[in-house]
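Subject: Handover of a structure for your study

Dear colleague,

Please find below the structure that I am handing over to you. After it, I set out what was found.

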Amino acid sequence: MGLDFMLDENVIALRVKQIIAEQALVDVADVREDMTLEDLDLDSLGLIECIFGIEEAFDVAVPFNANNPDESGFDISSVGAIIRQVEGLISQQAV
């Protein structure tokens, strides 16, 4: 997967939504950026699986602490927030 591909925000957003949809057991078309993980009925285990999926899909290290999610510096307040965080991680990796 080339860097140009990785920097395409639409591709990133779609892949993050696919990862979240897979864990939430919903169709990716039903995942909107304004949704929270609670809206998708994702529990803490589902969240951890999403984090692992994101790390694997984008070859990034997500700064997330499952024991203290509010202090980890990775915004999980909505699907859109997660996408923006992943875009930031990929951009940092590119420099």
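Which feature does UniProt place at residues 10-90? The UniProt record, an unreviewed entry, gives "domain: Carrier" for this span; positions from UniProt follow the numbering used here, feature names are shortened, and annotations may be inferred rather than shown by experiment.

Before the details, two remarks on the source are needed. The model is predicted, so local features need pLDDT of at least 70 and side-chain atom pairs count only at pLDDT 80 or more, while totals for chains, interfaces and linings use all residues. Residues are numbered from 1 along each chain as its sequence is written, and side-chain values use heavy atoms, with hydrogens and water left out.

**Overall fold**

The chain contains 4 helices and 0 strands, where helices (H or I, at least four residues) and strands (E, at least two) are DSSP runs numbered from the N terminus. Along the sequence the pattern reads α-α-α-α. Within residues 10-90, 52% is helix and 0% is strand, and the end C-alpha atoms lie 13 Å apart.

The C-alpha trace spans about 35 × 30 × 20 Å along its principal axes. The radius of gyration of the chain is 12 Å, which agrees with the value near 12 Å for a compact globule of 95 residues; this radius is taken over C-alpha atoms, and the globule rule is 2.2 Å times the number of residues to the power 0.38. Among contacts (heavy atoms within 4.5 Å) with a separation of 6 or more, 55% join residues 24 or more positions apart.

**The core**

Of the 95 residues, 40% count as buried. Buried means under 20% relative accessible area, exposed over 50%, and partly exposed in between (1.4 Å probe, protein chains only). In soluble globular proteins, nonpolar side chains tend to be buried together. A nonpolar core is a set of buried Ala, Val, Leu, Ile, Met, Phe, Trp, Tyr and Cys residues joined through side-chain atoms within 4.5 Å. The largest one here has 29 residues, of which Val16, Ile20, Ile54, Phe58 and Val86 touch the most other members. Helices α2, α3 and α4 each supply at least two residues of this core.

Helix α4 covers residues 79-94 and reaches 23 Å from its first C-alpha to its last, close to the 22 Å expected (1.5 Å times one less than its number of residues). Its buried residues include Ile82, Ile83, Val86 and Leu89.

How many salt bridges are there? The count is 3, a salt bridge being a side-chain nitrogen of Lys or Arg within 4 Å of a carboxyl oxygen of Asp or Glu.

One of them joins Arg84 and Glu33 at 3.0 Å, N to O. Arg84 lies in helix α4 and Glu33 in the loop between α2 (9-24) and α3 (44-58), so the pair ties together parts that are 51 residues apart in sequence. Arg84 is partly exposed at 42%, and Glu33 is partly exposed at 30%.

Arg84 also forms a salt bridge with Glu87 (3.0 Å, N to O). These two residues are 3 apart in helix α4, which means that about one helical turn separates them. Shared partners join Glu33, Arg84 and Glu87 into one network of salt bridges.

Is Glu87 buried or exposed? Glu87 is buried, with 11% relative accessibility. Beyond its neighbours within four places in sequence, Glu87 is in contact with Glu9 and Ile12.

Arg32 and Asp34 form a salt bridge as well, with their closest N and O atoms 3.0 Å apart. Arg32 is partly exposed at 46%, whereas Asp34 is exposed at 54%.

Yours sincerely,
A colleague
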